[in-house]
Amino acid sequence: MARASSTSRKLTVTVFAWLVGLTLFFPVLWTVLTSFKTEAEAIADPPSLLFFNWTLENYVVVQERSNYFRYFWNSVLISVGSTVIGLIIAVPAAWAMAFVPSPRTRGILMWMLSTKMLPPVGVLIPIYLIFRDMNLLDTRTGLIIVMMLINLPIIVWMLYTYFKEIPGEILEAARMDGAQLRNEIIHVLTPMAIPGIASTMLLNVILAWNEAFWTLNLTAAKAAPLTAFIASYSSPEGLFYAKLSAASTMAIAPILILGWFSQKQLVRGLTFGAVK
Amino acid sequence: MGRITLDQITKSFGEAQVIPPLDLTIEDGEFVVFVGPSGCGKSTLLRLIAGLEDVTSGEIRIDGKPATDLPPAKRGLAMVFQSYALYPHMSVRKNIAFPLKMAKLPQEEINRKVENAAQVLNLSPYIDKRPGQLSGGQRQRVAIGRAIVREPAAFLFDEPLSNLDAALRVNMRAEISELHQQLSTTMIYVTHDQVEAMTMADKIVVLQAGVIEQVGSPLDLYNHPRNLFVAGFIGSPKMNFITGPEAAKHGAHTIGIRPEHLRTSKESGEWTGRVGLGEHLGSDTFLRVETEFGEMTVRTIGDFDARHGDTVYLTPDPARIHRFDESGLSIR
Amino acid sequence: MATAHSRTAARAMISPAVIFLLLWMIVPLAMTLYFSFLRYNLLMPGMEEWTGFENYRYFLTDPAFSTALINTLLLVGGVLFITLVGGTLLALLLNQDFFGQGIVRVLAIAPFFVMPTVSALVFKNMFMNPVNGLFAFMAEAIGMQPIDWLAEIPLLSITLMVSWTWLPFATLILLTSLQSLDSEQMEASEMDGAGAISRFFYITVPHLARAGTVVVLIETIFLLSIFAEILVTTNGGPGNASTNLTYLVYAESLLRFDVGTGAAGGVVAIILANIVAIFLMRAIGKNLDA
C-alpha cells in the first residue's frame, strides 16, 4: 500500500500537516497555557507563549471559590450513570435484534434512530414541566434519565452493529451446550463483545459529558455538571482569563484523554455504522 | 440411548415449505449421514432435531419421549458446527468444560472429564491456549471434545469437515469414525460430499428439496439406487445415463452404467466412441468418450494408452446396468 | 432462523428499550402539540384557554421567526460548507505519509471533545475579545483595526466557533472512508493514464460521496439544535442577529414564560428536523442490510 515517496516530499507534507494540526489544536493549547499564567500575564500585550511565571494558583482558586470537584463529580455520575443504565437496557435489545431478527427489526431500529432526531427544543417545555412537577429539576436522577434516553438509540445501534459481527453459530453452540438465555448472554455474548461494549460506553460517556442543552436547562446549582459550571463564567465577573482557562482545562481534560482513545469507535458510533 | 424418531415433521419458512411431511427413524448407535446438494434441507433437518428451529408440524421423539417442544438445552444432544463455533474468549479447557459448567457439575468432576477428553483427542498440550492460537484440525477436535464430555444421547455434525484442507479432511474422517466405534453413540452427520457419506455412514439418507429420496447402507445405495437422482448423486465419477432406443433394448426409459462398469478396449466392443479428455491418475485413467449416445465417462486401468481423438470400444457389464422407468424410478 | 421460544424471549428483551423510547417520544410530543394550541403563560397559571392556531400565527408572523429561520439556515449551511471542504482537504493531507502522523491526528481531533460551553467561552474571551483577545492582537500586529467579533459579526463568529468543533468530526469520517479506498483501483486508474487531478475527481470524490452524505446529515441534526454556544456568547443578540430557532423557542418558553408560543415554535422545529431526518434515514437505512 505505502508507495515510495521522495524524502523531500515527505518533509514538506510533514511540515504542512503539523502546521495544520497545531493550528486546530491551538485554542486548546492556549487555554491550557493561560491557565498557568497570572491574570496580568494572561492579558499581557504582547502575549507570551511559554516564557512566563508558571503558577498553579488559578487551579487552587477555582477549586476553592466554586468547588470544581462537586461539578466534576456530577458530570461523572451523570455521564457514567446514564451510560451504564443505557447499556443494561440496550444489551438485551441489541441481542434480540442481532440474533433473532424479525421482519420488524429494521423498522424498530429506524424508529429508534428517528427519536434521536427529535429536536430537544421541541420537547423542552413538557420535560421541564414534568420535571418540575415530579421534583426532578436540578437533580442528578433527572439528568441521568434524560441522558440515558437521548443516548439510548446510539447505544442500541452501536451494540447492534458489534453484535452483528459475532457469528450466530457460537450462540447456538452455547444453547446446545445447555446454556439458558441468561447464561448465553452473560457467559458467551458479553465477553465476546467486550471491545464493542467498551467503545460504546466510552463514546456515550463523552457525548453525555459534553451535552449542553438539557444540562443547562434542567439544572441550577445542586446537580449542575461541568457544562453548567463553565457557563457560569460567561457573566462579566468571569472575565479572569487565567481562572477561566484553569476551569476550562479541568472541564475538558478528562474527556479529551478518553476521546483520544476512542477515535475509531467515534466514527462508527456517530454514523450509526454507516461508515466503518 | 439415542433413538430418534421423526414423525410427519414439516418445516416452512413463511410461505415456503422447505420440508414436506417426513418420517425417519434413527436407531440407537447408528452413524447416519444426511447427504444431498446444497439447499436440499439437510441442515434444516439437523437443526430441527437439535431444536435450533421449530418444526411447523409433526413430532420429534428422542428415546421415545416427545422432544418437539423442548429447547435445545433440554434435548441431551451435542452438536459440532461447520465453523466449530468455539468460544474465542475461553481457553480450550474452558471451552470443553462449558457444557458441564452449565449442567452445574461439581468442579472436580468437570476437571476429570475435561482432562479425559483432552487425552482422548490429543489436546492436552494445547489445553490452556485460546481457539485463535490453534490450527483448523485442532479446533475441530476441541469442538468434538466439547460435544463428547456431555455424554449426549446423540451427536449432530453440521458439515464439520468443510473448512479443512483435503489431507486433513481424510484424517478427521477416520478420527470421527474411530470415535463412533469407541463411543457407539448415535451420530447424525450432514454433508454435501457423497464420499464422506459413503466412507463413514452406517445409513445414508439422501435428500433433495426436503424430500427423502432413499435411505439405506452405502453399498445398498450404490448397488440399488431407487431412482435417477440417487443413482446420479452416489458414486464418483457420476453414473452415465442413456435414453432412447439403446435404453429401450433393455426395456427401460433410461439406463445407467457406472464408469467403473464399462470395459474399455482399443479393438472391439459393443459401443464405439472417440476419446475426448483423459485424466491420468496413475492408478486409474478416466476418459471422456464421445459416443453415439452422448458423452460418457469411463474408468480404465492406469496405463491405458489413449490419446485425444482415438477410437475406443466400450462394453457394459450387463449385470451392472441400472434400468429406470419414465418417472425416473428404478425397475427391479 | 429461530424458534418460537427465542422469538418470545427476543420480544421481551426489546420491550424495555422500546417502551422507554416510546414514552420519551410520545408523551412530551403530545404535550407540546397540546400546549401549542393553548394560551398558556407560566407567569399566569390557571389562565390557560384554547386558542386554536393563534400561537402558530403569532410565532410564524413574528419577525424574529424569519430572522431565526434564516440564521438557522446560514449557521447550518456555513458550518457544513466549512467542515466539508476543510474536512476533505484535511483528510487528504492526513492520509499522506509523514512524520508524526499519529500525533497530528490526535491534535486535529481534539476540538471535537471540547464541550460547547468551554469552546464558546474560550473563543469569546480569549480570542474574539476586541481588547484582550488574541485575534485583536494579531490584527494590530499587522496594522489592522481589531473588530468586535461577537458584536459586529455575531453569526459568522458563532459559525466559525461551531465549525472548529465539527471540522475534526468531518475529517475523521472522511479519513476513515479514504482509508477504505481500494489502492488497486487507484493503481489501475494510474495505469490507465489518469493524472492526479482526474484520479481525485473520478475516483476519490465518488468514493467519499457516501461518507460526505453521512457527515452532512448527521451534522445537520446536531447543528439545528445549536444552543450552548449562543447562550454563553451572545444570548442571541445583538437584537436577534444570532438567534436561531432553538434559541428562539428557548427564549419564548423559559425567558418569556410563554409556553403556548414556545410549544408552537417547538412543533415548527420538529417539522423542519423531520424533513432532514427523512433523508438521513434513507441514507443510513440503505446500509442496514449491507
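Reader: How many residues of chain A does the contact with chain B take?

Author: This is a predicted model, in which local features need pLDDT of at least 70 and side-chain atom pairs count only at pLDDT 80 or more, while totals for chains, interfaces and linings use all residues. Residues are numbered from 1 along each chain as its sequence is written, with chains lettered from A and ligands numbered from 1 in the order in which they are written. Two residues are in contact if their C-beta atoms, placed from the backbone, lie within 7 Å. On that basis the contact takes 18 residues from chain B, and from chain A it takes 15 residues.

Reader: On the side of chain B that touches chain A, how many residues are nonpolar?

Author: Strand 6 and helix 2 of chain B each supply at least two residues of this side, helices (H or I, at least four residues) and strands (E, at least two) being DSSP runs numbered from the N terminus. Ala, Val, Leu, Ile, Met, Phe, Trp, Tyr, Cys and Pro count as nonpolar, Asp, Glu, Lys and Arg as charged, and the others, Gly among them, as polar. Of the residues on the side of chain B that touches chain A, one is charged, two are polar and 15 are nonpolar.

Reader: Which element gives the most to the side of domain 1 of chain A that touches domain 2 of chain A?

Author: Chain A is divided into domain 1 (7–59) and domain 2 (65–270), with bounds from an automatic or database domain assignment, and the C-alpha centres of these domains lie 32 Å apart. Their contact takes 11 residues from domain 1 and eight residues from domain 2. Helix 1 (7–34), helix 2 (39–42) and helix 3 (57–66) of chain A are the elements that give two or more residues to the domain 1 side. The element that gives the most, with three residues, is helix 1 of chain A.

Reader: What share of the residues of chain B counts as buried?

Author: Chain B holds nine helices and 18 strands, and its C-alpha atoms fill a box of roughly 75 × 45 × 35 Å along the principal axes. A residue is buried if 20 or more other C-beta atoms lie within 10 Å of its own, exposed if 12 or fewer, and partly exposed in between, with C-beta atoms placed from the backbone. Among the 332 residues of chain B, the buried share is 41%.

Reader: Which residue is the bridge partner of B:Leu287 in strand 16 of chain B?

Author: Strand 15 (residues 284–291) and strand 16 (residues 294–301) of chain B run antiparallel and are joined by eight bridges, where two strands pair if DSSP finds at least two bridges between them. These strands of chain B form a hairpin with two residues between them. Within this pairing, the partner of B:Leu287 is B:Val298.

Reader: Is B:Ala85 buried or exposed?

Author: B:Tyr84 lies in the loop between strand 6 (77–80) and helix 2 (92–102) of chain B, and B:Ala85 is placed in the loop between strand 6 and helix 2. Neither residue is glycine, yet phi is positive, near 70° for B:Tyr84 and near 50° for B:Ala85. B:Tyr84 has 23 other C-beta atoms within 10 Å and is buried. With 26 other C-beta atoms within 10 Å, B:Ala85 is buried.
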